Amino acid sequence: MTPIRTLSVSNTGWPSLPERRQTLKTYSVETSRVFAPNASIALVGIRGCGKTSLGYIAARALGWRLIEADDEFERMTGLSRAQFLKNTEHNVEEYRKQERQVMESILSENERDAVIVCGIGSIESHGQMLLRKYALNHPVIHIVRETEYVREWLRIPKENNLVQRLEQSDRKHRVCSNFEFYNLFDGGSGPSILHRSISRDEVPGPGQRSPPYAGTLQRTQQDFIRFINLVMGFPDPARQVLGSKISAAAASPVDRIYTYALSVEFSQIDSLNLDITELECGADAVELEIDASDVLGQSVAADSTWITKLSKQFAILRREIAAPIIYHVNRNSFLKIPEECQGWRDEVYLELLHLGLRMGAEFVTVDIDFESTREILRVKGSTEIIGDYLDINPSQQSWDDPGRFGKYKKATQLRCDIVRMSQFASSDEDNIAIRRFNQKLTSLQGVRPPLIAYNVGRLGRASMCSNTILTTVTHPSLRALHGHRHHHALLSMQEASKMTYDLGLLDPLHFCIFGASIQYSLSPAMHNAGYQASGLPHQYKIRQSPSMRDLDTLLNDPSFGGERSLNSMSTEAQAIGAVNTIIPIKSPIDDISRIPKSQSNHIIGWHGDNTDWIGITTCVRRHLSPANIIRPWTSSLVLGAGGMARAAIYALIRLDVSNIFVCNRTISKAEKLAAHFNEVAASFRNTARRPSARNVKHQIMVIKSMGDPWPVEYEQPTIIVSCVPAHSMGSSPAANITLPTTWLQSANGGVMIELAYKPLITPLIAQIEELREIGRPWVPVNGLEVLPEQGIAQFQLLTGRTAPRHCMRAEVLRKYRGEEDQCVKRHAQR
């Protein structure tokens, strides 16, 4: 359990020892944060924080029971809380006694496979004791929201003493929990939504209406499921989907080379001049830095508004940049604090480290020389610990100092997951000394944690380019902010990447899109924008040809050094029966994630892959509301039977959708497709890595005509993917497909993905929009959203680098609008 400490300051700005003795209070429960895979999860928080909604999301995602204290209270007493209190036969003491019994019941009887939403009993002393005990072997997650937001949501007047009681409740929840999740506002919904809860023994089955979530809380759902997976030590589902061994998205930034961590200071996130979305520049991680000056004059007590602010900023970074977070407390900044306050310095530093673990950071840095490092390693859970060492006054021996080697060995003995070592450079010789240090490390026997090593300051920039993992970088937007501490000395990610090529460590590559009638493809603009944003000197061009023979010529070009045919295909491409990405193989080993895609060593073969299914999968995950989260009875519909339909069916199989219907004008093609993918699904079940996927009974079925009724034995579809071209092709007119209204009767709506984008508003998109206008919770996704998602996956396959998603999506939209404007002008000139 995280210790919660109080920080007060004296008139001089620093705490004095007498004040610390009076105000410092420690709450601690020994817990490793390592849990059984089916250990139940308890959610606590003030009324209006959204814990019921989040509980529902977690229970559905995990396939566990949802246990609510309110329901349990009514089950045990036959009365709601309000009715119980109104009953003149029951006094307050009887009510509290009943609350204690409810807390004991829901925790003791639900040790496994449940998500427990605690009620008001969690703030009573007995409930607190029970939760602290429960936290020894279970995640107890404090759901946080700003009191002011909750007050407005609950319509409590500012002067009402309930506001103070809410704040006191927050403090109590912090000291009985071992994790903290800040629930960001997700437009269209309040923090809690009334719904039929999942009972003790079952989840809602087919035909049972779920809560009115559809169209809301999608981003919250993504945030919380990602958080739950990290807390429980489960694999990231997005990384499982992008499972190719040569995709940047499939591997940790520690397992690839030339990866970057974008440094963001705590004080910068609140700046009115900073657009957080601009920081999503293709960095492989984001490092949130806490400085002593950020804490000075603040409280890190359990009821601290500063902790809530930190929790909120952490959540914003995680949502907007969508990269692993390195939580870094700059211990060197605490050296400015007077020596008499040394005890306070270490206490607050330790407390801040615990906060990083509470918030579920993927990485937390800990000073190698900090005496309580072992304590952090003992309670780290699935968070990876980076043993950090910064030498601010290096000796003349620099990296050749034997003591430097000893620091690495110390971090290894402590069992840090990663080691980061740096010093301020005083000359170019310091950059050469790093190479000697790295060579010396190769002589060490046994397991060696990965090393991040570079010099800091302007003279150290060359060493930052040669460091291969999680090099700290900045962003132009951050340099422009006032009050920055060191961003002027850091390279931007674009600059660091460019220098890697300028120094000859990597070589530029050339890519192309190959095919007939592709002159208007948006892919070159999208990829080239990504290269520019990432500092990659690559080029992506169009190679138009009516014949596949030209592809053979391209692959046989001596300058490519390649083979005539594909040497390998991904499992996904084999299952789909189509390749949309061809990648040069430059290493014979199975896992080539650490071989730079841009080295000009000889190409020994070609690898075929398919990213179309990834684009579809990503859009389904992003837009499917919590009400329609995929369950054993979920139904879906694929329109068409061509290459994209194959990708769509495979995507649905990978998403664990059981019932997949195919509708196509030529029935025989649909039947052939269904037969093929029923075999694929059976094979996938037998080889799936996830136990849940092995239990899914996939059925790919054909609906012969849109005039047929939807099969009554199956749920209405909540996922629809249209793979039919919306424009005329040759002599064939546009399909102009719409669906029978009887196929769109899902009570909670669903998501409809249209792969066509010419025109952007197809008849099917227009039909779904009309349903939204009358209050039906359907979410239409046009082809311009799917295109960059498959392109982002393609970018990562081709380059081995994390894609600058925001930039690539924006370029697709900009390019499309430009072409539309040109088309309008051409028509006007006629």
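Where pLDDT is low, the predicted coordinates should not be read in detail. The protein chain as a whole averages a pLDDT of 81, and 79% of the residues score at least 70.

This is a predicted model, in which local features need pLDDT of at least 70, side-chain atom pairs count only at pLDDT 80 or more, and totals for chains, interfaces and linings use all residues. Residues are numbered from 1 along each chain as its sequence is written, and side-chain values use heavy atoms, leaving out hydrogens and water.

Now look for the open sheet: 8 strands with parallel pairing, in the order 12-11-10-9-8-7-6-13. Strands (E, at least two residues) and helices (H or I, at least four) are DSSP runs, numbered from the N terminus, and two strands pair if DSSP finds at least two bridges between them. Strand 12 (451–456) and strand 13 (471–473) are at the edges with a single partner strand each, so one side of each lacks a neighbour in the sheet.

Inside the sheet, 5 bridges join strand 9 (residues 363–367) to the parallel strand 10 (residues 384–391). Here Val364 stands opposite Ile385 of strand 10.

Finally, helix 16 (residues 402–414) lies across strand 10, strand 11 (418–424) and strand 12.

How values were computed:
pLDDT is the predictor's confidence in each residue, from 0 to 100. Contact means heavy atoms within 4.5 Å. Axes are lines fitted to C-alpha atoms, for helices over the stretch in contact, and angles run from 0 to 180 degrees between N-to-C directions.
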